[in-house]
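Morning, everyone. Please look at the screen while I talk.

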Amino acid sequence: MMPESVLKAAQSEITDYRSSGMSVMEMSHRSKLFADIFAETKVKLKKALNVPDSHEILFLQGGATLQFAAIPLNLMGECGSASYAVTGNFSNLAAKEAEKYGKVSIACNSADRDHSYIPAQSELKIGSDAEYFYYCANNTIYGTEWHYVPDTKDIPLVCDMSSDILSKPVNVSDFGLIYAGAQKNMAPAGLTVVIIDKSLAGNELSVCPSVMSYDTLIKKDSMLNTPPCWCIYMLGLMLDWLESMGGVAGMESIKSARAAKLYDFLDNSKLFIPHAERGSRSDMNVTFRTGNDALDADFVRGASKHGLLNIKGHRLTGGMRASLYNAMPMEGVEALVGYMKQFEVEHNV
Ligand SMILES: *Cc1c(COP(=O)(O)O)cnc(C)c1O
């Protein structure tokens, strides 16, 4: 979901960007006009996340999935190893991809309870020889979220923040690398943001494609080839909106209140069952079910009639998922809870 004001702002200049006679979609990525959009967006993101000068921001293509490969190719080193926390679908895919390039040790795997929880720090088995420790901050499909930053001593932290970036403050200097596919909480699909500690770049495997080499991409300021120009422009508009809402701190207070409202209802419901265990619950993706697949399908059908869209759970899990990204207003959750109450009454609960 994107704020309507952002879509309207894009609409207002879609055919003619600031009297240039051109749409952003028509510009050369090497033009002064676009170079300014690019530089301003980078500054806005640096400010929003308080990115220190030790770290570089990259605007890339290929989605989060390309980073599943780029990370080991760049950071594992020849004959190296890495430690992965598997807490859901995407971290599992990332670990599988990394196995192609080096030794992967699994620090934890929450599959034993259907990825309904995040293991505690004391349960993480982090190999001391690991070149990096990898985890996914928010498990979009299962609806769990890490509520702590793992302590890995000197081992660089690599984090997939695709579905919770910009939803709360993070201390970027705690991380060797943060990355996110933009389409969940930042901008339209097609942009991937990487924030990397520059001291980690330059050790890529010799087979690493140039277009995936962080060292090369840093030197070329993300422009080894054409970056996703339109998405970068849209990210700039989103970041203006974010600032007007009090930045990431503002987002954090909104998201906590929004998710609490829904979890509170779920905890008191006799019909709906939340998937994630207490203490591991995601504020971004709230997953729940009735325990009856036919009833779940009824619920999803009825929801769309009430204008509550995209509420069907991921095909891996079934059930329902309410994605409460930054642009979701409190009224969205209130409307959902209202419909859930009505659904309970209709089913004599
Ligand atoms: C959606 C998602 C991905 C995959 O993103 P793509 O851009 O489609 O490759 C990876 N990780 C997380 C946490 C996601 O939510």
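Two strands pair if DSSP finds at least two bridges between them. Helices (H or I, at least four residues) and strands (E, at least two) are DSSP runs, numbered from the N terminus. Strand β2, residues 81–86, pairs with β3 in the parallel sense, over six bridges. Across that pair, Y84 stands opposite I106 in β3.

Some ground rules. This is a predicted model: local features need pLDDT of at least 70, side-chain atom pairs count only at pLDDT 80 or more, and totals for chains, interfaces and linings use all residues. Residues are numbered from 1 along each chain as its sequence is written, and side-chain values use heavy atoms, with hydrogens and water left out.

Now the whole sheet. It is open, has seven strands and mixed pairing, and runs in the order β1-β9-β8-β7-β4-β2-β3. The edge strands, β1 (55–60) and β3 (103–109), each pair on one side only.

On to the ligand. How many residues surround the ligand? The count is 13, with T65, T140, D160, Q183 and K184 the closest; near means a heavy atom within 4 Å. Helix α3, residues 63–75, gives the largest share of this shell, four residues.

Next, polar contacts, meaning pairs of N or O atoms within 3.5 Å. A ligand oxygen lies 2.5 Å from a side-chain N or O atom of T65. For K184, a polar side-chain atom is 2.6 Å from a ligand oxygen. A64 uses a polar backbone atom, 3.0 Å from an oxygen of the ligand.

Key:
Polar contact = N/O pair within 3.5 Å; in protein donor to acceptor, adjacent residues only side chain to side chain.
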